[in-house]
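Visitor: Could you walk me through how to read a few features of a protein model? I would like the general idea before each case.

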Amino acid sequence: MDNNGNHADHKARQQVEQRLLKQDTVTVVPYLNSRAGQPIPQAEIQNSNATYASSIDDDVGNPYAPFCSQMDWEIARWAKLRSSSSTAFSDLLSIDNVSERLGLSYKNSRELNMLIDKELPTRPKFRREQIVVAGEAFDIFYRDVIECIKALYGDPDFADFLVFSPERHYTDDDETVRLFSDMHTGKWWWNTQKKLNKQRPGATIIPVIISTNKTQVTVFRNKTAYPVYLTIGNIPKEIHRKPSRHAQILLTYLPTTRLDHITNKASHRRSAANLYHACMARVLSPLEKAGLDGMAMPSGDGVSRHCHPLFACFVGDYPEQVLATAVKTTECPKCNIPPDKLENSTAPFEMRDLGAILDALAAIDVGDLEFVQACCDAGIKPVVHPFWERLPYANIFQAVTPNILHQLYQGLVKHLLSWLAQACGPAEIDARCQRLPPNHHIRLFMKGITGLSRVSGTEHAQICRFLLGIIIDIQLPENLASACLLRAVRGLLNFLYLAQYPCHSSETLSLLDDALALFHDNKEIFVDLGIRNHFNLPKLHATRHYASMIRLYGTTDNYNTEYTERLHIDLTKDAYRATNHKDEFAQMTQWLERKEKILRHDKFIEWRLHGNPFPHHPRPPDLSYDCTQTLTKHPSAKAVSIQRLISDYGATYFREALARYIAQQNHFDETLSHRRLEDLAASVLLPFHSVAVYHKIKWISIDARGHGDPLVTVDSVHAKPGRTATRGRNDAIPARFDTALINNGTGDSVGIEGYRVGQIRTIFSLRQKDAQSMFPPTRQPPKHLAYVEWFTPFPSTPDLQHGMYKISRFVCSGERIASIIPVSNIARSIHLIPKFGRVAPRHWTSSNVLEECDTFFVNYYIDRHSFVALR
């Protein structure tokens, strides 16, 4: 493609991203029937906190009841949420007079447990039952699924945020470009509402999202647990994906038996599948009647609606998907594509026919042989009554969702790292990782990445942030050209980042498909290198379903297993550690019930004392960069001499740059030529010899959607000198002067126009009296300024192969060009990947590479905002 064509495609892509960013004028189309999701008539409305209060015995207006005081309550909360063990807590209270002096209503863990069990309102309780499969009984611990749904739907913390009916969102008034974000913006809810309205007009759908994943609870002895989690699609994804908001509930612990007594492999697999489905069917069976007939259910504000809980999504890794759908390993759980065609990006396929499969399952009433043959013809295993067989409006093959963690990070990215290590050599890959400059978003793997074992999804995500950059210019075996390799890696990484957008449009979904096509068009390079002979990987084929699934259920952060992985710690591993490891599941469920009671009572006390803590500001998710730039209240160094700025900070031309800045501000209304500016700057005398210096700029997140999210640091820029080692200690710290993206005042949210890269050497402020003496009253400088060394402007288009912009140090007559700018012009940090050449120079290090190297590539993979803006 010529440069003009490349530039046109690049501008078109930027316009698509720009339309997705600017959602100030989103057109919302409500569901056709206005009765959908509407409240039902009630004689009296009482919110759930008031209902909770009425179940507590409190005659004296004590907000902490049934605990006698704030101290009594806070120690109980600490004991159940933070304490190491019940024995340790009892030993603490057994110290003479501790309980009396603190005024506690309990003297040991047993008395506290009795208080919690008897006095605090109940949460959904666990039951213990036995499921008989193949003549053997297995214990299952589970809760009533309807009670769990009621607990989430009726939680007062979520009352202001619940969604009750589907909507269609568009970026324009003509309704041509559709948006997909939360589940209610997808097609599944709209289409299901249409089907349900034929039988139950005015119904409110509660989409049930089920997540399953077996996990180890011990490092040794291979002890496992098999938790199943539940959440509902009415709760916005920004809430239910955060474990701290407790919008996911543990539904059941499935049996973890290995069935060692069954030695035949086929019988073992069949018995394990039948056990799984029998247990899941027992747990989810109440959804059959509730989904068809519905029930009156109050939300946290006390308003009741006629609700139909419907099984919507199944979240799990590939083995879980195969088990749930009863298809064979190596096959796609969603479609009928042959296993030997999985690598083909254009091979036709059809979604599995639920009707035909249900007919095959009904053949069990005819006879065993007929049942087995019917299931074989339908393309599934002969599982007796799968759990989804009788669930209304459910289609398990459609319900299986994309899995960013296991399919992409722990699947395709894991494969890609192995392929690249074989193609480029592990020593060279590791050498480049060790020589990357630091950045807020970049983890430096100082021992390389090829020798890592048991790499987590988080570590794979961190590696993806620089993976493409380190293979640019690398030498391939037999001197093969690297263009196809770069395009293949770029296509896969672009797909990975696009798949994680919190909001998609019908246009950006086309970009998702284009990224996948870029990988498929170039993947044969791995065959040419002798690394692969086929790509029939189920996880690779699954990427073909991502766009259609986003259209159905909203973006992938509605159903990512990464969030439930964290729940394993809170709801399974911590629970196991609290037991004596004998009949552990009975103890785990009891421990969990008490913990949930304490958490619920904590919310109630917060409401009683302060009301609703989360103001509601509805706003759909988008790709905007919502953050606030901050610096410390006091400088890192109050008075740093100009000479030290030159020697330690590398601000070589600080005096000259500041003089030019002063001259510009004093002649702001003039158009100054370079010669005129230099003459004016030469006449400026600085009335000081030192300035206050700051070593760090931070960008703090904004709770844009009013969900009560904590504020976190989302980006930072460092500009600090090195520290030499003290006597007898090896505690030297190298200097760090980060690079940043700087806005000249005309930059937009997408694209590089109006932006330039600079290295921040010094962040400083002038004393007020000095500023007043040097600047006119109408042009007083901002409080914080920065000395910046410039890089060359961005080229008009990025590289055609790897898609990154190439820049160099901006040098004139052998000297680096620098300026003074307001700190507010610094938009965000930027990561530069050195141009290593065919072999990385071994004298380069992470701390000196910005000084040693002259040419760099702008890395847009460091975070989603850079990916959107700089690609």
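Guide: Gladly, and let us begin with a term: a residue is buried under 20% relative accessible area, exposed over 50%, and partly exposed in between. Keep in mind that this is a predicted model. With those cut-offs, K150 counts as partly exposed because its relative accessible area is 33%.

Visitor: How exposed is E147?

Guide: E147 is partly exposed as well, at a relative accessible area of 37%. The two residues belong together: K150 forms a salt bridge with E147, and the closest N and O atoms are 3.9 Å apart. Both sit in helix α7, residues 145–153, with a spacing of 3 residues, about one turn of the helix.

Visitor: What is the general idea behind such a pair?

Guide: Side chains of opposite charge can pair when their charged atoms come close. The cut-off for a salt bridge is a side-chain nitrogen of Lys or Arg within 4 Å of a carboxyl oxygen of Asp or Glu.

Visitor: How many salt bridges does the structure hold?

Guide: The structure holds 37 salt bridges. Another one joins K289 to D293, with 3.3 Å between the closest N and O atoms. These two residues are separated by about one helical turn because they lie 4 residues apart in helix α11, residues 286–293. K289 counts as exposed, since its relative accessibility is 59%, while D293 is partly exposed at 31%. Salt bridges can also share partners, and in this way K237, E238, R241, K242 and D557 are joined into one network.

Visitor: Which salt bridge links distant parts of the chain?

Guide: Take D157 and K603, which form a salt bridge with their closest N and O atoms 3.8 Å apart. D157 is in the loop between α7 and β4 (167–170), whereas K603 is in helix α26, and the two are 446 residues apart.

Visitor: Are D157 and K603 buried or exposed?

Guide: D157 counts as buried because its relative accessibility is 16%. K603 is buried too, with a relative accessible area of 17%.

Visitor: You mentioned α26. How should I read the length of a helix?

Guide: Compare the span of the helix with the value expected at 1.5 Å a residue. Helix α26, residues 584–610, has 27 residues and reaches 39 Å from its first C-alpha to its last, close to the expected 39 Å. After the helix comes G611, which has a positive phi, near 80°.

Visitor: Let us turn to strands. Where should I start?

Guide: Strand β1, residues 27–30, pairs with β4 in the antiparallel sense over 4 bridges, and the bridge partner of T27 in β4 is Y170. β4 also pairs with strand β5, residues 178–180, in the antiparallel sense over 2 bridges. There, H169 stands opposite L179 in β5.

Visitor: Could you show me another strand with partners?

Guide: Look at β16, residues 696–701. Strand β13, residues 627–630, pairs with β16 in the antiparallel sense over 4 bridges, and T628 has I700 in β16 as its bridge partner. β16 and strand β17, residues 713–720, run antiparallel and are joined by 5 bridges; here W699 has D715 in β17 as its bridge partner.

Visitor: In what order do the strands of the open sheet with β22 stand?

Guide: The order is β22-β28-β27, and the pairing of these 3 strands is antiparallel. β22 (806–808) and β27 (831–834) stand at the edges with a single partner strand each, so one side of each has no neighbour in the sheet. On average, neighbouring strands of this sheet are turned by 45° against each other, direction ignored. β27 and strand β28, residues 855–859, pair over 4 bridges in the antiparallel sense, and H831 stands opposite N859 in β28.

Visitor: One last feature, please. Which residues form a nonpolar patch on the surface?

Guide: W78, L92 and I95 form such a patch, and together they have about 290 Å² of accessible area. I95 is placed in the loop between α4 (86–93) and α5 (98–102). Back to our opening term: I95 counts as partly exposed because its relative accessible area is 48%.

How values were computed. Residues numbered from 1 in each chain as written. Predicted model: local features only at pLDDT ≥ 70, side-chain atom pairs only at ≥ 80, totals over all residues. Heavy atoms only, no water. Pairing = 2+ DSSP bridges. Patch = residues over 30% accessible without salt bridge, like charges linked within 9 Å, V, L, I, M, F, W, Y side chains within 5 Å. Areas by Shrake-Rupley, 256 points an atom, 1.4 Å probe, with all protein chains shown as cover. Buried < 20%, exposed > 50% of the residue type's maximum accessible area, 1.4 Å probe, protein only. Axes fitted to C-alpha atoms, helices over the stretch in contact; angles between N-to-C directions. Expected span 1.5 Å × (residues − 1).
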